[in-house]
Amino acid sequence: MVTERDVEYIGMLADIAIDRGELAEFTASFNRILEYFDILDKVTVEEDGGDSAIVNVFREDDVVPSLSPEEALSNAGETEDGFFRAPRVM
Amino acid sequence: MGAETLDFRPDDKYHAFLKIVPEAQYGPGRLSGVPVAVKDNISTAGIETTCASRILSGYVPPYDATVVSLLKAEGAAIVGKTNMDEFGMGSTTENSAFGPTLNPRDPGRVPGGSSGGSAAAVAAGLVPLALGTDTGGSIRCPAAFCGIVGLKPTYGRVSRYGLIAYGNSLEQVGPMAATVSGVNLLMSVICRHDPRDSTSLDAPYSHTPTMDIRGTRVGVPEEFFGEGVEPRVASVVWDAISLLERKGAEVVTCRMPSMEYALAAYYVTCMSEASSNLARFDGVRYGPPPDHRKPWHEAFQERRREGFGVEVRRRILIGTFALSSGYYGKYYAKAQAARRNVRRDFLRLFSEVDVIAGPTMPTVAFRFGEKSDPLSMYLSDILTVPANLAGIPAISVPCGKVEGLPVGLQIMGRWLEDERVVDVAYAYEQGAGQ
């Protein structure tokens with residue numbers, strides 16, 4: 001069972017702001033969905049656990065054609081001196 | 001031969017498109033001049049691509065997704081971007097930030113989701129072919145609700161390069177068309193190995209569908225006709241399976257115990273992946289910018305509240321929670337164990353049968369607003385998510401109607417046996433038409 005305070009805290013971790021007016025509904029639906037997920041408690045984890053079919057896929061570390069700086073910046077809301085402009089950290 | 005122009009100005013009364021290209025360029029090839037609609041989460045160079053989200057309003061990709069490059073190389077005319085549930089999150093296309101798509105078979109009902117725009121564009125006859133994406137049934141569900149054909153290919157068989165990721169271990173780009181032949185043609189164009197996608201398989205698709213399914217063993221798991229499947233839908237699908245039997249297939253009933261928790265495993269997995277994938281949407285590299293006068297986190301939180309719809313934020317929140325250190329073992333790790341059990345169930349079944357058949361959706365298309373509770377919407381995906389968890393191919397083909405609304409027959413096949421599910425769907429389609 002998560003509380004409204006928990007949901008607010010998770011929202012902060014995920015950088016998702018939640019309005020006060022939305023909090024009750026978010027918390028209620030969150031709890032209904034988590035209650036449904038409790039069915040996973042029935043799952044038995046077998047010893048062989050991993051997936052032997054999974055393999056790493058590597059490529060050579062070669063330089064290949066890429067977007068130009070102008071193309072890379074073409075969708076940015078704000079740029080400065082050829083860089084993306086972001087809000088201040090401090 | 002230079003590029004030619006296709007005039008495309010449809011009467012889009014069902015709001016299938018978010019963006020129309022009225023003068024679409026095309027060249028020579030197998031699809032020369034054929035109008036193809038592309039779901040709006042697939043990158044198209046020079047054409048706005050929003051994932052039906054405000055956070056990507058105005059985003060114009062500087063490059064094409066591999067599937068779009070392949071379409072263009074065969075001469076297709078990319079005529080527009082189709083409506084969808086925001087970032088692919090939903091089963092109705094009501095979660096689009098730009099308004100819902102209507103079902104051409106009954107405009108009072110949803111087209112299904114999340115590729116509802118692509119399905120409606122085909123069902124309304126605006127385009128013969130469309131691309132959708134399927135994370136937990138998002139091609140097959142709208143195909144079933146709109147009465148068209150949709151194929152979720154084997155995971156890895158179609159490149160995901162340029163697809164804006166939501167649940168990347170589950171989702172596949174796939175073809176949608178009015179007929180199995182149309183799906184087969186589009187599949188042969190988009191199915192290529194792509195070195196830019198490290199999950200891409202080298203298994204090209206070149207196939208001519210056959211009606212001869214004599215000796216094919218068709219498994220029908222009891223769980224696919226269990227609680228929640230509308231009896232009249234079940235009856236129509238059983239009639240379709242009987243037709244396959246009359247065509248020479250052998251029908252075998254079977255069990256799939258992992259269905260009990262497959263849906264929960266699917267939602268925990270896709271929400272967790274979404275919480276990670278959607279972290280990139282912060283307004284810095286694309287989308288409307290954040291308020292630079294505010295500190296980093298405050299600015300991003302506000303931007304993401306304004307830019308993401310309720311369902312997207314809900315899934316990011318739950319995904320963040322499921323991956324948090326205190327709950328990882330209870331949710332994410334258990335979901336992955338459940339996923340392995342689903343794969344094992346399919347492996348066991350496919351040692352006994354060649355394909356598995358059942359309904360695509362448990363009901364016909366919903367009325368608008370009918371699935372306002374998120375959990376009730378999630379539950380409607382119960383029959384489609386197992387194929388995504390296992391990465392196997394699955395197709396939905398129209399198999400009749402209930403109260404005038406289309407019902408889909410779902411055929412699932414062994415890993416990399418997309419051709420076989422196409423054949424069984426083709427045999428049904430041609431047999432039903434005789």
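How many disulfides are there over all chains? The count comes to zero, in a model that is predicted.

A disulfide joins the sulfur atoms of two cysteines covalently. To be counted here, the two sulfur atoms must lie within 2.5 Å of each other.

Now look at Cys141(B), which takes part in no disulfide. The nearest cysteine sulfur belongs to Cys146(B) and is 8.6 Å away.

## The layout of chain A

Let's turn to chain A, which contains three helices and two strands. If you follow the sequence, these elements come in the pattern α-α-α-β-β.

Next, the dimensions. The C-alpha trace of chain A spans about 50 × 45 × 25 Å along its principal axes. Its radius of gyration is 23 Å, whereas a compact globule of 90 residues would have one near 12 Å.

## Surface and charge

How much of chain A counts as buried? The share is 30% of its 90 residues. Chain A exposes about 6700 Å², and carbon and sulfur atoms supply 53% of that area.

Finally, the charges: chain A carries 22 negative side chains and 7 positive ones. The centres of these two sets lie 10 Å apart.

Key: Residues numbered from 1 in each chain as written. Chains lettered and ligands numbered in written order. Predicted model: local features only at pLDDT ≥ 70, side-chain atom pairs only at ≥ 80, totals over all residues. Heavy atoms only, no water. Helix = DSSP H or I, 4+ residues; strand = E, 2+ residues; numbered from the N terminus. Rg over C-alpha atoms; globule rule 2.2 N^0.38 Å. Buried < 20%, exposed > 50% of the residue type's maximum accessible area, 1.4 Å probe, protein only. Areas by Shrake-Rupley, 256 points an atom, 1.4 Å probe, with all protein chains shown as cover. Lys, Arg positive; Asp, Glu negative; His and termini not counted. Charge placed at Lys NZ, Arg CZ, Asp CG, Glu CD.
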